[in-house]
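Dear colleague,

Please find below the structure that I am handing over to you.

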Amino acid sequence: MLLTGFSTLVWLLYLIMLVLAVVALFLAATAREDAYRAADKQKKSFWLIILGITVAVNLFVPMLFLQLAGAVASIVFMVDVRPALKAVSGGGGRRRGGSSSDGPYGPYNGGR
């Protein structure tokens, strides 16, 4: 019983690493090439190759060491490269909260 629980846990870990790699590959493929240069990151082709190899390893080579190395690459892309690409591309705007009547100097109170 303990062995089946452990194998289920390992299978879920493999599945999570595969999903992370596929999402990172998709996001790397949809970003603009000039955004990588503007963010001073590696080229788009570099990230596509690294993340593509990660997806292939997760699908076809069940070696935990290689899969963990790919997970590190995927996490680096998601945590470091993707926010820099969003900031350069203009997609990094965060909603600061407030209402739709807020102006540039604070909320509009109707002339009161």
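In helix α1, the buried residues are Met17, Leu18, Ala21, Ala24 and Ala28. Buried here means under 20% relative accessible area, exposed means over 50%, and partly exposed lies in between (1.4 Å probe, protein chains only). Helices are DSSP runs (H or I, at least four residues), numbered from the N terminus. This is a predicted model, in which local features need pLDDT of at least 70 and side-chain atom pairs count only at pLDDT 80 or more, while totals for chains, interfaces and linings use all residues. Residues are numbered from 1 along each chain as its sequence is written, and side-chain values use heavy atoms, with hydrogens and water left out.

The buried residues of α1 pack against α2, α3 and α4, where contact means heavy atoms within 4.5 Å.

Helix α4 contains Ala73, which is buried at 16% relative accessible area. Leaving aside residues up to four places away in sequence, Ala73 touches Trp47, Ile50 and Leu51. Ala73 and Ala24 are separated by 49 residues in sequence, yet their C-alpha atoms are 9.3 Å apart in space.

On the surface, Trp11, Leu12, Leu15, Val19 and Val23 form a nonpolar patch with about 440 Å² of accessible area together. Such patches consist of residues with over 30% relative accessible area and no salt bridge; like charges are joined within 9 Å, and nonpolar side chains (Val, Leu, Ile, Met, Phe, Trp, Tyr) within 5 Å. Accessible areas come from the Shrake-Rupley method with a 1.4 Å probe, and for residues only the protein chains shown count as cover. Val19 belongs to helix α1 (residues 2–30) and is partly exposed, at 46% relative accessibility.

The whole structure holds 2 salt bridges, each defined as a side-chain nitrogen of Lys or Arg within 4 Å of a carboxyl oxygen of Asp or Glu. Asp80 and Lys41 form a salt bridge at 3.1 Å, N to O. This pair links distant parts of the chain, 39 residues apart: Asp80 is in helix α4 (residues 64–89), and Lys41 is in the loop between α2 (33–38) and α3 (44–60). Arg32 pairs with Asp34, their closest N and O atoms being 3.0 Å apart. Arg32 is partly exposed at 44% relative accessible area, as is Asp34 at 35%.

Yours sincerely

Notes:
Helices (H or I, at least four residues) and strands (E, at least two) are DSSP runs, numbered from the N terminus.
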